[in-house]
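Me: I am new to this structure. Please show me how to read a few of its features.

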Amino acid sequence: MWQLLSGIMIFFYIAVAASLLLYGINCYVMIFLYYRGREKAERIRRDVLERFGNSMSDDNLPVITTQIAVYNEFNVIERIIRAVCRMRYPEGRHEIQILDDSTDETRELIDRVVSELSIQDNDIHVIRRTDRTGFKAGAMAEGLRHARGELIAVFDADFVPSQDFLLSAVPFFVEDAQLGLLQARWGHLNSWRSLLTRVQSIGIDGHFMIEQSARTWNGLYMNFNGTAGIWRKSAIEDSGGWQWDTLTEDMDLSYRVQIAGWHTTYLPNLVVPAEIPEDVRAFKSQQFRWAKGSIQTALKLLPHLLRSPGPLLKKAEAFFHLTHYLVHPMMLTLSLLALPVLTTWQMNLGELVFILLAALLGFSMVAPTMLYFVGQRAGYPDWLKRIIYLPFLVIIGVGIAVSNSRAVLEAIIGKESGFVRTPKRGHREIKRYTVTVPWSAFLEILVGLYCACSLQYYLLAGKYLIGPFLAIYTAGFLFIGMLTVFHSAGLSK
């Protein structure tokens, strides 16, 4: 009986490690595709802007509606409204919608700012609903019914677009009548504030500098990131509109738009800075929403997408993209099985197999770090100063595996949960929005202590190849768990 059980554990451990290896290999594929498409994409971008500048007049520019979806964002709402009103675009061709679902004093602040800016000849409207059906997606759908723009620009409340944002993006819609979506790159307003924000900025840069670039430059499926982008209204309507049966309505719609035949593009040179969550509870809440929503979208769209005609590479990359958050339950599984596998190794595993397992783990864990390294090198002149935080990114990436594993499980079993906003502090925090203390913090600490015990057993047994991975697991779970308790106790600024 024990031999059968140990055999099952060995098989499961190797299968999970091999699966992580595949996701790791895909990181290298993304890096390769990024470099392959970079020069051509930059040449096309320059050509489009040059043709636009030489031929277009203000009267030929499409009407744009800018939507700002808001729910209790007192600290940042005035900043985004004023920034959007400062964006340069021909008079009479830019409409602004404030989609306000707020229930606190944010409502009064919006009314006061909108009243002031309307007098200054800004075409700005506040749209409020009687209920929050569909949360952000529902608000966007309601705004779309009233929008007069051919193009729909979307910003979250904590983003600050530049004055040239619209004029930098619109030429690509003029150039390509089938362009349904344009995504800009996220910048960072507060990456310097703490270790947590610095690490998050590197992770975000890896996605935007490498993954988004590689996908759009090589004809693969890319996703809208929920903000800092522009839609063609007819593409939204043609693809079924905004839907709220997943927590990532942005990813869902962007895939449906592409399945329907519309084109997408991404501009890494068009940067819109935004706030990064400074409280680890807000960070985990945001990650939970992205993880659960991504798997929900995968369950919703992958069966149809994989059966549809198209290149195998495009389908394979869509699979890795939509199911990326599966790496978190896989990492958690490996951390929990490490100690039983040590006992099993003493009975059944040969040294060569054990070395192979260590190699699989090492290759899969180094791959994302390489992607983030390339992202920093591609995006910043001072990249050498930034990459010193890469080890902490690995630790924090592992540490959120407990919370994200729960998100993945909820998506798979179909458990419903509401949209949870990520509180922002603005340039100066006036109103403090509370975030509940997740029970997962205590589970993270327990798993971290368990990994510490496993590490001790491995080192005592002389199995040093697995030691570094268990050390990372231990540090990650303990750091995230204790930081969550620390922030919940109000011991941080």
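Reply: Start with burial: buried means under 20% relative accessible area, exposed over 50%, and partly exposed in between (1.4 Å probe, protein chains only). Ala-282 has 2% relative accessibility, so it counts as buried. Ala-282 belongs to helix H9 (residues 280-307), where helices are DSSP runs of H or I with at least four residues, numbered from the N terminus. This is a predicted model, in which local features need pLDDT of at least 70 and side-chain atom pairs count only at pLDDT 80 or more, while totals for chains, interfaces and linings use all residues. Residues are numbered from 1 along each chain as its sequence is written, and side-chain values use heavy atoms, with hydrogens and water left out.

Me: How far apart are the C-alpha atoms of Ala-282 and Thr-484?

Reply: They are separated by 9.7 Å, although the two residues lie 202 residues apart along the chain.

Me: Why is helix H6 said to be largely enclosed?

Reply: Of the 23 residues of H6, 20 are buried, so the rest of the structure largely encloses this helix.

Me: Which residues does Lys-233 contact, neighbours within four places in sequence aside?

Reply: Contact means heavy atoms within 4.5 Å. Lys-233 is in contact with Leu-144, Ala-147, Gly-149, Glu-150 and Ile-152, with those neighbours left aside. Lys-233 itself is in helix H7 (residues 233-238).

Technical notes: Helices (H or I, at least four residues) and strands (E, at least two) are DSSP runs, numbered from the N terminus.
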